[in-house]
Every structure is written in C-alpha cells, then in structure tokens.
Amino acid sequence: KSGFVAIVGRPNVGKSTLLNRIVGQKIAIMSDKAQTTRNKIQGVYTTSEAQIIFIDTPGIHKPKHRLGDFMVETAYSALKEVDAVLFMISADEKRGRGDDFIMERLKTSKTPVFLVINKIDKVHPDDLLGIIEDYTSQMDFAEVVPISATEGNNFDTLMKTLIEQM
Ligand code: GDP
Ligand code: MG
C-alpha cells in the first residue's frame with residue numbers, strides 16, 4: 001500500500017514536530033502523483049506493508065491580500081492530489097478563526113480528513129471529549145486521533161489508521 005498525505009493546520013500546532021518524527025526514510029516508490037507533489041515532500045513513513053509520503057502545503061491560512069488569495073488556491077488544489085488530509089489542532093488552544101477558515105475549505109473537498117488533536121500531554125484526558133465535540137460539530141472527519149508529537153503518544157496508531165485508509 002502507498003499513498004500521499006497532506007498535513008494542514010494553523011501555525012504552532014505541531015506540524016513540523018510530527019514531520020520530524022516521520023523524516024529520515026527514503027522514498028522507494030515513484031507514482032504519477034509523486035511527479036506533481038515531489039517538491040513539497042516533507043517526510044516518508046515506511047513499513048513492510050506500506051509507504052506513506054507526507055507533503056507540506058504551505059500557505060493554507062487566511063490571505064491578507066490578493067496575491068495571498070492565489071497562494072491559498074494553489075495550496076488547496078494540492079489537497080486534491082492526496083489520499084488523506086491530516087487537519088492538526090492543538091489541544092491546549094481554543095478553536096479560532098484560523099481553524100475555522102481551514103475547515104471551511106476542507107469541508108468541500110472529497111479527500112478524507114483526519115482530525116489530529118496534538119499536544120495531548122498538555123491537557124487533562126477529560127478535556128478531550130469537549131474538544132472532539134467542538135470540532136466534529138463543525139464538519140465530518142474520517143477519523144479522530146489524539147496524539148503528542150513530542151512524546152510520541154499514539155503515533156503508531158495514527159500511522160496504522162492512515163495505512164488502513166489507503
Ligand atoms: P507548526 O508551526 O505547526 O509546524 O508547529 P511546530 O512543530 O513548530 O511546533 C510548535 C511548538 O509546539 C514547538 O515549540 C513544539 O515543540 C511544540 N509542540 C509540538 N508538538 C507538541 C506536543 O505534542 N506537545 C507539546 N507539549 N508541545 C508540542
Ligand atoms: Mg512548521
């Protein structure tokens with residue numbers, strides 16, 4: 001199995017930290033999709049049964065000017081090429097306009113979206129349910145996976161869930 005996954009989320013939620021956990025493995029497969037997304041490849045996760053290529057989609061935020069509009073469009077069109085999108089949020093921050101802006105765009109895409117709740121090491125487990133309810137009331141997610149990118153909690157579960165999606 002192989003596939004492409006994009007990670008999106010507002011600044012500081014932990015996207016780079018998650019990618020740092022993933023990087024370091026070589027890309028063994030080259031599909032047509034790789035031709036269009038290779039410039040943005042940020043990390044590869046390889047097991048005996050699967051390979052997942054993670055891509056970065058910079059510019060997914062609220063544009064400040066019209067050139068920004070164009071960049072956001074480009075970033076979102078890249079999401080059509082992937083098999084799944086990880087929408088990452090931080091458990092210790094309230095849902096904000098940045099999150100809502102991203103969700104408005106993800107809602108209209110056919111690509112399955114996973115809600116990745118990062119930094120669970122910073123909150124009480126009881127707080128998780130409220131966070132999940134808050135986000136799932138806004139849009140449908142293929143899966144909800146709470147993780148800690150720094151501690152590694154649920155990292156394997158996240159990868160396994162992604163592989164199942166492919
Ligand atoms: P990005 O802007 O989404 O790429 O976020 P970064 O990966 O740069 O992370 C922003 C900050 O959050 C850094 O100081 C990270 O060390 C911290 N961080 C990321 N993931 C976690 C986590 O799971 N738990 C905690 N406590 N801090 C985290
Ligand atoms: Mg980053």
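Among contacts in the protein chain between residues at least 6 apart in sequence, 70% join residues at least 24 apart. The model described here is predicted. The protein chain contains six helices and six strands, and from the N terminus on these elements follow the order β-α-α-β-β-α-β-α-β-α-β-α. Of the 166 residues in the protein chain, 30% are buried.

- Seven of the seven residues of S4 are buried, so the strand is largely enclosed by the rest of the structure.
- In a regular strand, the side chains alternate between the two faces of the sheet.
- In S4, Ala-84, Leu-86, Met-88 and Ser-90 point one way, Val-85, Phe-87 and Ile-89 point the other way, and all of these residues are buried.
- S1 and S4 run parallel and are joined by four bridges; within this pairing, Leu-86 of S4 is the bridge partner of Ile-7.
- S4 also pairs with S5 in the parallel sense, over six bridges, and here Val-116 of S5 is the bridge partner of Met-88.

**The largest nonpolar core**

- The largest nonpolar core has 37 residues, of which Val-5, Ala-6, Val-85, Leu-86, Phe-87 and Val-116 touch the most other members.
- Two or more residues of this core come from each of the following elements: strand S1 (2–8), H1, strand S3 (51–56), strand S4 (84–90), helix H4 (97–107), S5 and H6.
- S4 gives the largest share of this core, six residues.
- Which residues does Val-5 touch, not counting residues up to four places away in sequence? They are Ile-52, Phe-54, Val-82, Asp-83, Ala-84, Leu-86 and Leu-162.

- An α-helix has 3.6 residues a turn, so residues three or four places apart point the same way.
- In H4, the buried residues are Asp-99, Ile-102 and Leu-106. Seen down the axis of H4, these buried residues fall within an arc of 70 degrees, so they line one face of the helix.
- The buried residues of H4 pack against S1, S4 and S5.
- Turned away from the buried side of H4 is a face that carries the exposed residues Arg-97, Asp-100, Glu-104 and Lys-107.
- In H1, the buried residues are Lys-15, Leu-18 and Ile-22. Seen down the axis of H1, they also fall within an arc of 70 degrees, so they line one face of that helix.

**The shell around ligand 1**

- There are 15 residues around ligand 1, and those that come nearest are Gly-14, Lys-15, Ser-16, Thr-17 and Ser-148.
- Helix H1 (residues 15–22) supplies the largest share of this shell, namely three residues.
- By type, the residues of the shell divide into three nonpolar, eight polar and four charged.

**Loop residues with positive phi**

- Lys-119 is a residue other than glycine, yet its phi is positive, near 65 degrees. It lies in the loop between strand S5 (113–118) and helix H5 (127–136).
- Is Lys-119 buried or exposed? Lys-119 has 23 other C-beta atoms within 10 Å, and 20 or more make a residue buried, so Lys-119 counts as buried.
- Asn-154, which is not a glycine either, has a positive phi of about 65 degrees. This residue is found in the loop between strand S6 (143–146) and helix H6 (155–165).
- Asn-154 has 19 other C-beta atoms within 10 Å, which means that it is partly exposed.

**A residue of strand S2**

- Gln-42 is found in strand S2 (residues 41–46). With 18 C-beta neighbours inside 10 Å, Gln-42 counts as partly exposed.
- Gln-42 and Asp-156 are 114 residues apart in sequence, and their C-alpha atoms are 18 Å apart in space.

Definitions and conventions:
Residues are numbered from 1 along each chain as its sequence is written. Chains are lettered from A and ligands numbered from 1 in the order in which they are written. This is a predicted model: local features need pLDDT of at least 70, side-chain atom pairs count only at pLDDT 80 or more; totals for chains, interfaces and linings use all residues. A residue is buried if 20 or more other C-beta atoms lie within 10 Å of its own, exposed if 12 or fewer, and partly exposed in between; C-beta atoms are placed from the backbone. A residue is near a molecule or strand if its C-beta atom, placed from the backbone, lies within 6 Å of it. Ala, Val, Leu, Ile, Met, Phe, Trp, Tyr, Cys and Pro count as nonpolar, Asp, Glu, Lys and Arg as charged, and the others, Gly among them, as polar. A nonpolar core is a set of buried Ala, Val, Leu, Ile, Met, Phe, Trp, Tyr and Cys residues joined through C-beta atoms within 7 Å. Two residues are in contact if their C-beta atoms, placed from the backbone, lie within 7 Å. The arc is that of the directions from the helix axis to the C-beta atoms. Two strands pair if DSSP finds at least two bridges between them.
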